[in-house]
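My entries follow in the order in which I made them.

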Amino acid sequence: MAELQLKSHRFREEREADWRRLERLLTKVEGRSPGKLTAPELLEIPVLYRQALSSLSVARAITLDQGLIDYLESLCARAYFIVYGPRTSVWERTGRFFSHDWPAAVRGLWRETLAATLIGVLGLIVAMALIHQDAGWYFSFVPKALAGGRDPSASAEFLRSTLFAAPKGQQHSGLSVMAAFLFTHNAGIALLAFALGFAFCVPTGALMAYNGAMLGAFLSLFISRGLGVEAGGWLFIHGVTELFAVTLAGAAGFAIGTATLFPGDRPRAEAVAQAGRRAAAVMTGVVVMLFVAGLLEGFARQLIQNTAVRYGVATLSAAVWGLYFYGPRRRGGLGHE
Amino acid sequence: MSDAGREFVTPEGVDLRLKVGAVSERAGALVIDLLIIMAALILLTILVGAALWVSNVTARSAPAVIWLLGFFLLRNFYFTGFELTPAAATPGKRVMKLRVIARNGGRLTADAVFGRNAMRELELYLPMIFMLSRGQGVDAWVISLGCLWSLVFLLFPLFNRDHLRAGDLIAGTMVVRAPKPILAPDLSRDGAVALNELRFTDEQLSAYGIKELQVLESVLRSNDRKTLAEVARRIRGKIGWIDEVGVSDRAFLTGYYAALRGRLERQMLFGRRRADKFDAG
């Protein structure tokens, strides 16, 4: 009997207990409560992991038991993800994202942000110049659904009424109006600007210009009725946040686009992946910014009817975002990932 | 491709040969996740509705807000939140035994998880919005363009080796299978018992190689009576077995398996790997 026992079987018998132990510890870690592991158990995992890895190498060389090799492969893979996985909890990582990763990513894209801003401003100027010459251009920039009667044929009183005093019956639907607007328009433009960066920056640039042009069309309409200052307050109370968000989305799109166009020394897929990770961090933040903009638009604008205060909020939000992203900060104690 | 596994070398220099998650499994995981999100939204709607009804407040816009805002928040934070946990998988992926990893073998960073999920917005929800905006003044050609668009992204994973979707490409991630390992019993032990009654000659054991041994292993593990009988008949014929003792098919096969494995492993230790029966060794 004993002479018939295979060497590979003996190999397995000698180590099986360790593998099982590792498996049990992994199940504990992967479960909801890694905190329940004692310190010695935690220290045991890397040791058992390296044992299992060497068992796998040996097993591949000496045994023909496919079931055993499969087992060791998936055991090692599972342990690998624990041993080399993130050490921090979801909350810590989220906190770190807002305190460090996001502002850093935004700062890293300053060139693209500048480019997106310039293109937007260019669109704004062109639209204002065109509409100044011929009011008919207005409809080329602003879709009817969005205009809601605010077009060159409207009276100054009507335009004024759209800026102040929430229409009756809408006081309660502020949030839903905000939500609808957020989803149908801004988030859409932001995500498109980001995603279309793929196509070598061209569609992103076009979107930035168009967004600027639409803003310019609105402004020029209100300026022509002598409501420029009031319209500015109405627009910028949330617009500072919103336009900044859309511009950042455009910058993220440009980052991906330039990586596809000019990957440099790296393989194209790798360059895109690297630019994509940074751009994605920016984009996650952009979604948060759009959310804030939506809140400002849905609530603050309905509640604050005074133009000066509106400008105050706008300035404040500009200062907050500017300081948050570009303000001086302590050199981070935690290194880059 | 998926059988051989993908090369994935750990810092210790061992290739783990990870198996790339199949497109079908990932689609299944996505459907499960979407169903969970949907169920959560329905539950929330009912709860809020009940709360409003009890407190006698009429808010007709409440369901719209819950669905627009709730769906947006859930779809963005559900995937990201779960993929940031140690299991790196949403409940749907867990059910399908999948997990997200960084393609370069490093740690799965938060950026990467954000990235792959931000792209989902573009791959999945944007086309959905295109479709839903039908009949709201959107031209037919815009809709068909939207369909084409989503088709490109939907089929994207089918056309690359690692089944990456656009989000994986952007974020430098991939989805691999992560089954719970199960250590099956060693068949050579049963075989050793059977070998007490059986004797095989060297010629009889040199009929097959490693490939056949592994087929035999899977046949024995699946333990299907008909297949066992058929395989036993073939092997008996091939090696010219004269049945003296009258052993059962399974006992014969386990015995032969143990003997063959012993011989092949011994050869392997001396540096000879006999790949299959055509290999002269």
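I found B:T254 in helix 11 of chain B (helices are DSSP runs of H or I with at least four residues, numbered from the N terminus). Leaving aside neighbours within four places in sequence, I list B:L187, B:D190, B:G191, B:A194 and B:L220 as the contacts of B:T254 (contact means C-beta atoms, placed from the backbone, within 7 Å). I also looked up B:D186, which is 68 residues from B:T254 along the chain, with 11 Å between the two C-alpha atoms.

Note on the source. This is a predicted model, in which local features need pLDDT of at least 70 and side-chain atom pairs count only at pLDDT 80 or more, while totals for chains, interfaces and linings use all residues. Residues are numbered from 1 along each chain as its sequence is written, and chains are lettered from A and ligands numbered from 1 in the order in which they are written.

Entry 2, chain B against chain A. I noted 59 residues of chain B in contact with 61 residues of chain A. Helix 4 of chain B gives the most to the chain B side, with 10 residues. By class, that side has 37 nonpolar, 11 polar and 11 charged residues (Ala, Val, Leu, Ile, Met, Phe, Trp, Tyr, Cys and Pro count as nonpolar, Asp, Glu, Lys and Arg as charged, the others, Gly among them, as polar).

I looked up helix 1 (residues 7–30) and helix 2 (residues 39–62) of chain A, whose axes come within 9 Å and cross at roughly 150°. That makes helix 1 of chain A roughly antiparallel to helix 2 of chain A (angles over 145 degrees count as such). By class, their contact has 10 nonpolar, three polar and six charged residues.

I read 24 residues (110–133) and a reach of 35 Å from first C-alpha to last, close to the 34 Å expected at 1.5 Å a residue (the expected span is 1.5 Å times one less than the number of residues). Its buried residues include A:E112, A:G120 and A:I131. The buried residues of helix 5 pack against helix 6 (138–141), helix 10 (202–224) and helix 11 (228–261) of chain A.

Terms used:
Helices (H or I, at least four residues) and strands (E, at least two) are DSSP runs, numbered from the N terminus. A residue is buried if 20 or more other C-beta atoms lie within 10 Å of its own, exposed if 12 or fewer, and partly exposed in between; C-beta atoms are placed from the backbone. Axes are lines fitted to C-alpha atoms, for helices over the stretch in contact, and angles run from 0 to 180 degrees between N-to-C directions. Angles under 35 degrees count as roughly parallel, over 145 as roughly antiparallel, 65 to 115 as roughly perpendicular and the rest as oblique.
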